[in-house]
Amino acid sequence: MPDELPDRVFGWFPSLKRSDVEQTSKIDGLYNCIAHAAGEDDAWWQPTKGTGIYWPRLAPMEFTLKAYQAAFATKGYVPCNSEALEEGIEKIAIFIDDQGKPTHAARQLSDGAWTSKFGPWEDARHVELRQLEGPDPSYGKVVAFMKRQRPSLPIAPPSVGNGGPLPPG
């Protein structure tokens, strides 16, 4: 059974219901929500320079929606108009605050739920995207969606070691 998210998460997102969310990782400060939405977990994505920070070379080095869309475009995402689930398509949602600064990105899972990373803390699967909206410390509001073909899972060899089936996971 997955771990339950700590109370601090529900303080940040008053609309989030415990029944609609499950923790999917332990705390890991190596990456943030932007990297997580892009499918990366080996660097903190942010339009600044520093140790452990990554920003795509082709994206403007600025905290704007346009720059974040350009960063996601380097991973094959293109703008779209809706969060509606589409077969074979992976979508992301970008949140901004009242000043127009991007604050969060979430990625849609194949079943229509969403996955988010809460800053340097846990990753979580949540049913409703807009439960993360609201004033600070929530993430503001969703203003943009992007999509790409859902990446294929790598094909594993049929057996390992003793010739038996691969272990789960």
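## Surface and model basis

The chain exposes about 9,500 Å², with carbon and sulfur atoms supplying 54% of that area (Shrake-Rupley method, 1.4 Å probe). The model is predicted: local features need pLDDT of at least 70, side-chain atom pairs count only at pLDDT 80 or more, and totals for chains, interfaces and linings use all residues. Residues are numbered from 1 along each chain, and side-chain values use heavy atoms, without hydrogens or water.

Of the 169 residues in the chain, 40% are buried (under 20% relative accessible area, 1.4 Å probe, protein chains only).

## Fold

The chain has three helices and nine strands (DSSP runs: H or I of at least four residues, E of at least two). Their order from the N terminus is α-β-α-β-β-α-β-β-β-β-β-β. Among contacts (heavy atoms within 4.5 Å) with a separation of 6 or more, 52% join residues 24 or more positions apart.

## Helix 3

Helix 3 spans residues 65–73, and its buried residues are Ala67, Tyr68, Ala71 and Phe72. Viewed down the helix axis, they fall within an arc of 135°, so they line one face of helix 3 (the arc is taken from axis-to-C-beta directions). Their cover includes helix 2 (33–37), strand 2 (44–45), strand 5 (89–96), strand 6 (102–108) and strand 9 (141–149).

## Largest pocket

Strand 6 gives the most to the lining of the largest pocket, with three residues. The lining comprises 29 residues, of which Cys33, Pro102, Thr103, His104 and Tyr139 lie nearest the pocket centre. A pocket is an open set of points on a 1 Å grid where a 1.4 Å probe fits, with protein on both sides within 12 Å along at least five of seven lines; lining residues have an atom within 4 Å of a point.

Methods. Buried < 20%, exposed > 50% of the residue type's maximum accessible area, 1.4 Å probe, protein only.
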